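Please examine the sequence and the structure shown below. The briefing that follows is grouped by topic.

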Amino acid sequence: LEEGALAAMDRQASSLLMAGRGGGALPQGVANLLWALAKMHATPSPGLLSALQRRATVTVGDMKPQELANIAWALAKLQATGDRSLLQGIEKRATATASAFAPQAIANLLWALATMGETPGVTLIMALQSRAAATAVDFQPQDVEGVVWALGRMRVQPLPRLLKALEGREVGRRGRR
């Protein structure tokens, strides 16, 4: 991305942060902007990154699972040092909404936390593993890989029912070929 284009995007993003209801961008807008910056391998200015993290912290209580996963994934890809209060908010909200996480969001959130060197609390780890076990049939191969890698990186022993569900998913896929 050219420096001029990045500067223009930086200015536009900064103005968007002020445009949403209540004086700032909505949760999905913040998540989408961080995701887009990471996907484009852009390096946002420290001011923009800080503003996005502050806005995400304010809105984290209203975020959906996909938004939580996208923000965490983007921070990990951008190699950003996650704001402690934002990461705590993500963990709290993810714990509360774990039963609504899609397989890719589970994998992305766990991958992002592990990549940033974070080990979430046991409540979130157990909730996401339980949700992963319940939805294992819908996991794509990269989701399986992401979850197993992240748990290993965090030195978390996977739940036996998660391993059994993922194994059954793989056996079932091989049988359908």
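From the N terminus on, the elements of the chain run α-α-α-α-α-α-α-α-α. The model is predicted, so local features need pLDDT of at least 70 and side-chain atom pairs count only at pLDDT 80 or more, while totals for chains, interfaces and linings use all residues. Residues are numbered from 1 along each chain as its sequence is written, and side-chain values use heavy atoms, with hydrogens and water left out.

**The chain as a whole**

- Of the 177 residues, 46% count as buried; buried means under 20% relative accessible area, exposed over 50%, and partly exposed in between (1.4 Å probe, protein chains only).
- Among contacts (heavy atoms within 4.5 Å) with a separation of 6 or more, 79% join residues 24 or more positions apart.

**The nonpolar core**

- The largest nonpolar core has 54 residues, of which Leu34, Ile71 and Leu109 touch the most other members. Such a core is a set of buried Ala, Val, Leu, Ile, Met, Phe, Trp, Tyr and Cys residues joined through side-chain atoms within 4.5 Å.
- At least two residues of this core come from each of α2 (27–39), α3 (46–59), α4 (65–77), α5 (84–97), α6 (103–115), α7 (122–134), α8 (141–153) and α9 (160–176).
- Leaving aside residues up to four places away in sequence, Leu109 touches Leu68, Ala69, Ala72, Ile90, Ala94, Phe101 and Leu128.

**Helix α6 and its partners**

- The axes of α6 and α7 come within 10 Å and cross at roughly 145°. Axes are lines fitted to C-alpha atoms, for helices over the stretch in contact, and angles run from 0 to 180 degrees between N-to-C directions.
- In this contact, α6 contributes Ile106, Leu109, Leu110 and Leu113, while α7 contributes Leu124, Ile125, Leu128, Arg131 and Ala132.
- By class, the contact of α6 with α7 holds eight nonpolar, no polar and one charged residues. Here Ala, Val, Leu, Ile, Met, Phe, Trp, Tyr, Cys and Pro count as nonpolar, Asp, Glu, Lys and Arg as charged, and the others, Gly among them, as polar.
- The axes of α4 and α6 come within 8 Å and cross at roughly 35°.
- The α4 side of that contact includes Leu68, Ala69 and Ala72, and the α6 side includes Leu109 and Ala112.
- Its residues divide into 10 nonpolar, three polar and one charged.

- Ala132 is found in helix α7 and counts as buried because its relative accessibility is 0%.
- Apart from residues up to four places away in sequence, Ala132 touches Ile106, Phe139 and Leu162.
- The C-alpha atoms of Ala132 and Phe101 are separated by 8.5 Å, although the two are 31 residues apart along the chain.
- Ser99 lies in the loop between α5 and α6 and is exposed, with a relative accessible area of 61%.
- Ser99 and Ala132 are 33 residues apart in sequence and 9.4 Å apart in space, C-alpha to C-alpha.

**The salt bridge**

- Side chains of opposite charge can pair when their charged atoms come close.
- A search of the whole structure finds one salt bridge, defined as a side-chain nitrogen of Lys or Arg within 4 Å of a carboxyl oxygen of Asp or Glu.
- The side chains of Glu118 and Arg84 form this pair, at 2.8 Å from N to O.
- Glu118 lies in the loop between α6 and α7 and Arg84 in helix α5, 34 residues apart.
- Glu118 is buried at 19% relative accessible area, whereas Arg84 is partly exposed at 44%.

Methods
Helix = DSSP H or I, 4+ residues; strand = E, 2+ residues; numbered from the N terminus.
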